[in-house]
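Open the model in your viewer and keep the sequence panel beside it. The stops below say what to select next.

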Amino acid sequence: MKKYIDTGKKDTRSGFGAALAELGRTNPKVVALCADLIGSLKMEKFIEENPTRFFQVGIAEANMMGIAAGLTLGGQIPFTGTFAAFSTGRVYDQIRQSIAYSNKNVKVCASHAGLTLGEDGATHQILEDIGLMKMLPNMVVINPCDYNQTKAATLAIADYVGPVYLRFGRPAVANFTPENQKFEIGKGILLNEGTDVTIVATGHLVWEALLACEALEEKGISAEVINIHTIKPLDEDIIIKSVRKTKAIITCEEHNYYGGLGESVARVLSQQLPTPQEFVAVNDTFGESGTPSQLMKKYGLDKEGIIKAVEKVLKRKA
């Protein structure tokens with residue numbers, strides 16, 4: 001397999017913060033809003049350099065979404081920032097009615113997504129947000145895998161006209177994608193070619209998929225690995241092309257298996273190329289308190305969980 005190098009663990013939220021600061025210097029239309037979580041969203045540099053283009057709304061997330069929608073009417077490009085649980089579940093009505101329905105150019109930027117929020121526990125570990133957002137007409141849903149890709153995605157969505165949900169995380173994770181990559185919304189990335197099974201992963205699980213691919217190779221199993229950073233619109237072509245070759249697939253995500261990447265892939269396969277599929281995802285439950293690594297292991301969202309899913313789906317191949 002092609003070797004990928006972890007250049008040093010970095011949190012994806014810092015990739016967002018670095019890109020937001022860069023946008024502050026290069027795009028005068030970009031404005032930022034936050035719901036009392038400036039440090040957590042790494043927005044300090046943008047605020048320092050652009051104090052008149054920042055709005056601190058306090059713990060009033062619904063109000064933040066309404067303000068953001070209004071700012072688009074004057075031509076601004078608002079980036080909202082808070083935890084994923086508050087960026088989606090708490091404000092779903094406001095996003096649906098004020099942003100998605102009227103196709104407003106708002107970028108809903110959500111940190112601390114999934115189980116890897118860690119010790120804050122189940123109430124903050126939202127595992128339903130991808131489903132909530134992808135069901136909204138007009139909404140683009142992006143879930144990058146590392147610092148570099150989160151930075152590239154943040155820069156890219158500023159140029160995209162329309163509502164976007166950008167999901168990223170709290171912990172420091174492997175940083176392995178190119179530093180100055182071009183981010184293409186809706187285009188999956190083939191990371192490794194294989195012949196026996198397709199592994200489609202998103203977010204933090206992309207690195208785990210690569211680790212699993214390396215271990216599977218030692219077992220004589222050739223895995224194709226695809227990074228799906230955009231859940232919606234989904235790159236159907238890259239998935240179908242791979243599955244025609246491998247005839248088996250697993251999907252990997254830090255999300256409930258209801259409503260996530262796996263179900264989107266299953267829809268595509270059922271319509272175009274029915275294929276044995278296994279899901280690496282949270283099994284319809286809430287999270288709990290623990291370190292990110294403890295939780296990923298307990299819920300089967302790590303290298304070992306991916307290997308087990310591959311071995312299971314291979315037994316179902318025709």
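**Start in the sheet**

Select β10 and β13: they run parallel and are joined by four bridges. Strands count as paired if DSSP finds at least two bridges between them. Strands (E, at least two residues) and helices (H or I, at least four) are DSSP runs, numbered from the N terminus. This is a predicted model, in which local features need pLDDT of at least 70, side-chain atom pairs count only at pLDDT 80 or more, and totals for chains, interfaces and linings use all residues. Residues are numbered from 1 along each chain as its sequence is written, and side-chain values use heavy atoms, with hydrogens and water left out.

Zoom in on A201, which stands opposite C252 in β13. Now colour all of β10, residues 197-201. Five of its five residues are buried, meaning under 20% relative accessible area with a 1.4 Å probe, protein chains only. V197, I199 and A201 point one way, while T198 and V200 point the other way.

**Across to β11**

Show the whole open sheet, five strands in the order β9-β11-β10-β13-β14, with mixed pairing. β9 (189-192) and β14 (277-282) are at the edges with a single partner strand each, so one side of each has no neighbour in the sheet. Pick I249 to find Q277 of β14 opposite.

**Helix α8**

Select residues 147-159. Why is α8 largely enclosed by the rest of the structure? Because ten of its 13 residues are buried. Among them are Y147, N148, T150 and I157. At the helix start, a side-chain oxygen of D146 comes to within 3.4 Å of the backbone nitrogen of N148.

**Last stop: the cavity**

How many cavities of 30 Å³ or more does the structure hold? One. A cavity is a set of points on a 1 Å grid over the protein atoms alone, where a 1.4 Å probe fits but cannot get out. Select its lining residues, which have an atom within 4 Å of a point; they include T12, N143, R167, H204 and E254.

How values were computed. Buried means under 20% relative accessible area, exposed over 50%, partly exposed in between (1.4 Å probe, protein chains only). A polar contact is a pair of N or O atoms within 3.5 Å; within protein, one must be able to donate a hydrogen and the other to accept it, and residues adjacent in sequence count only if both atoms are side-chain atoms. On a 1 Å grid over the protein atoms alone, a cavity is a set of points where a 1.4 Å probe fits but cannot get out, and a pocket is an open set with protein on both sides within 12 Å along at least five of seven lines; lining residues have an atom within 4 Å of a point. Grid points are joined across faces, edges and corners, and a volume is the space filled by probe spheres set on the points.
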